Amino acid sequence: MKLLFSLIVSCTISISTTAFAGSSGTKVALVPGGPHPYFAAWEKAGKDAVKDFGLGKADYKVPAEWDLSQQNELIESLVGKGYNAVLVFPGDAVGTNKILGELDDAGIPTAALAGCVEQPTKAKMCFGTDTGHSAYLGTKQLIKAMGGKGKIAHFTGFLVDPNTTLRINAVEKAVAEAGGGVEIIQVIADIDAYEPADEKINAFMAAQGGEVDGIVTTAWVPAVVASQALTNMGDKRIKMVGIDHDEVVLKAIKEGYVHGTMLQNPYGQGYIGSYVMDKIRGGCVFKANAPWKSTAQTDQFIDSGTVFVDITDVDTYVDAMRGISLDILKTFDGTYLDC
Amino acid sequence: MTKKLPNFMFTNQFGLFCIVIIFVIIFSSITDGFTSRFNIYALSRVVAIDIMIGLAMMVVILTGGLNLALGAIGVCAAMFGGWCMETMGIPVIPSIFLILGMGSFLGYINGVITVKTGVHSFIVTLATMSIYFGLMTMLTEAEAFRRLPASFTDFGSIKLFNKYVSPLLIISVTACLTLFYLFKFTDIGRKLIAAGANPDAAELSGISVNTMFIYCHMLSGFLGAVAAIMLTTRIGAAIPSMAGQLGMDWLLPAFLAPVIGGTLLSGGKLSVFGTMLGAILVTLITNGLYLIDVGEFWIRFFLGIILLIAVILDKTREHFTLKSVIVS
């Protein structure tokens, strides 16, 4: 399903963007914080960007572990090897700034992808999901599905992920706006890996499954594990809103065990991010009056899009994400760049 | 001269030096960018930290022991330094001394528990690794210190010698020279070696073996704290995950450098310059493998293989190297 999603989105965008094709010496490295299924779409995104925009290279390079030092070492070796633009999911919201500054000093443009670094930064932009807003919308959907009252649990990602705090705060905000009818009874973080997620979520369901009325998950692996747990339990009483498009989550939505999911746009991030790096290396600069969005970490944020999908549109979600990516790409130059 | 040249050529360090040169020639020939200024500078920074981590483990291996808590000590010292500078507003220089003091203190605890209980330091430091890291996580709530003084963090970005070399490397080389002098020419250094080589004989000759072992653990903690300071200046923040979960990311370079370098796992013999060359070799291989695109996950595989080979060589090394050279 993930492959199909990537293929369909990429084919459509490729057909729509042949006009961009050209030749360039831009060699983009797409470097996530560590191994994670969310970033897998960046690989195809980079390849398609090479094909469609005539980039020299746009390669997906994964550090062996979630470790800032390893990520730094990998980036340095890639630059040594000739990559001249870097798209990075920050290993640390502030710590990554050090290497981004050094790359900028060496004339290598960089951008934060899927997660932001804190300002001041030399990163040209942060292009990703407005994770706080996505978590807020997802929680709102959950509260609506619960009838505006009940107890919810929040399962989320790595504490070192700069998005995690934003997500926790956003869920709390949505709950606070519910007017006292909704209560967060548990937040379980640092479980965006299968072993800890499986252990902690199943332990929670065993201990408090009878008390909880709703679950919101704001990271990939917890969404998968929680969907699997609800499916295995055969429990349709507990409402759940997940995140991303893992086939386990989508199947659970179709079967009615999960209410819906908040989709992100990793393919669009890698594809459009590579395009922007090439433009910047070609001499383009961001407009002084570019309509940046602000987050808690940066005021140079561009939203790569998010959309809620439930049982009514789970079969056509690809169209929604395709539309978002195309819209961003079509208007990007005019909106953000001076070339 | 004619007598000493062949002697030197039979040392483990000379063999390592030749291997380093061979790898430099190979990677320079088959990869793009290996000799670029950016890459050499980056290499100098990575190797500086790996040398320091290797030295920190080497001084405990000298006793026939191990320090699995090295990474945890480093992270604790770095986080303590971050708290001193960011939260308490203590100036940089006093904070550095406090960081070094914290590293030494945690090493001291390892040493005291090891000698008082008689339990192998492998077990003791396995336990203290979790204790130190757990305490640090509880006290800091896993929050990084990200607003350290620029005068501290900028040090890690300084470029020397036409922008080819990091000053961190100069610190590591200085540490190597100091340790060589300590073990080769000072009374306390020889006592440390004697205690590691044959504890019973050392005790009979009037050396307090327990005290020497505690000193070695303190020195290990001190050097681990130096490595932590260097890493903090490199990444610009004190972060709980800077050495991986429980500080375990430091273990592979910590073992590789001294064992490849000729320090005997059974204790009593160490090679300071061998540790330095071992760290250089490991960093070279890692960087070269990155550049020839073998895939990031294979690099760990190759480093594991190298460690295994080094340990096997450790068993046979005594028969092929000069037995009379105890410190090199």
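1. What share of the contacts in chain A with a separation of 6 or more comes from residues 24 or more positions apart? The share is 73%. Two residues are in contact if their C-beta atoms, placed from the backbone, lie within 7 Å.

2. Some ground rules. This is a predicted model, where local features need pLDDT of at least 70, side-chain atom pairs count only at pLDDT 80 or more, and totals for chains, interfaces and linings use all residues. Residues are numbered from 1 along each chain as its sequence is written, while chains are lettered from A and ligands numbered from 1 in the order in which they are written.

3. Now the overall form of chain A. Its C-alpha trace spans about 60 × 40 × 35 Å along the principal axes. The radius of gyration of chain A is 20 Å, which agrees with the value near 20 Å for a compact globule of 339 residues. That radius is taken over C-alpha atoms, and the globule rule is 2.2 Å times the number of residues to the power 0.38.

4. Of the 339 residues of chain A, 59% count as buried. Buried means that 20 or more other C-beta atoms lie within 10 Å of the residue's own; exposed means 12 or fewer, and partly exposed is in between, with C-beta atoms placed from the backbone.

5. Chain A has 11 helices and 14 strands. These are DSSP runs, numbered from the N terminus: helices are H or I, at least four residues, and strands are E, at least two.

6. An open sheet of 6 strands in chain A runs in the order S2-S1-S3-S4-S5-S12, with parallel pairing. Its edge strands are S2 (57-60) and S12 (301-303). Two strands pair if DSSP finds at least two bridges between them. S4 (residues 110-113) and S5 (residues 126-128) of chain A pair over 2 bridges. Leu113(A) stands opposite Phe127(A) in S5(A).

7. Check the loop between S4 and S5 of chain A, where Pro120(A) sits. A cis peptide bond joins Gln119(A) and Pro120(A), with omega about 0°. Most peptide bonds are trans.

8. Asp190(A) has a positive phi, near 65°. Its place is the loop between strand S7 (182-188) and helix H7 (194-208) of chain A. Asp190(A) is partly exposed, with 18 other C-beta atoms within 10 Å.

9. Finally, the contact between chains. It takes 26 residues from chain A and 28 residues from chain B. On the side of chain A that touches chain B, the largest share, 9 residues, comes from H3(A).
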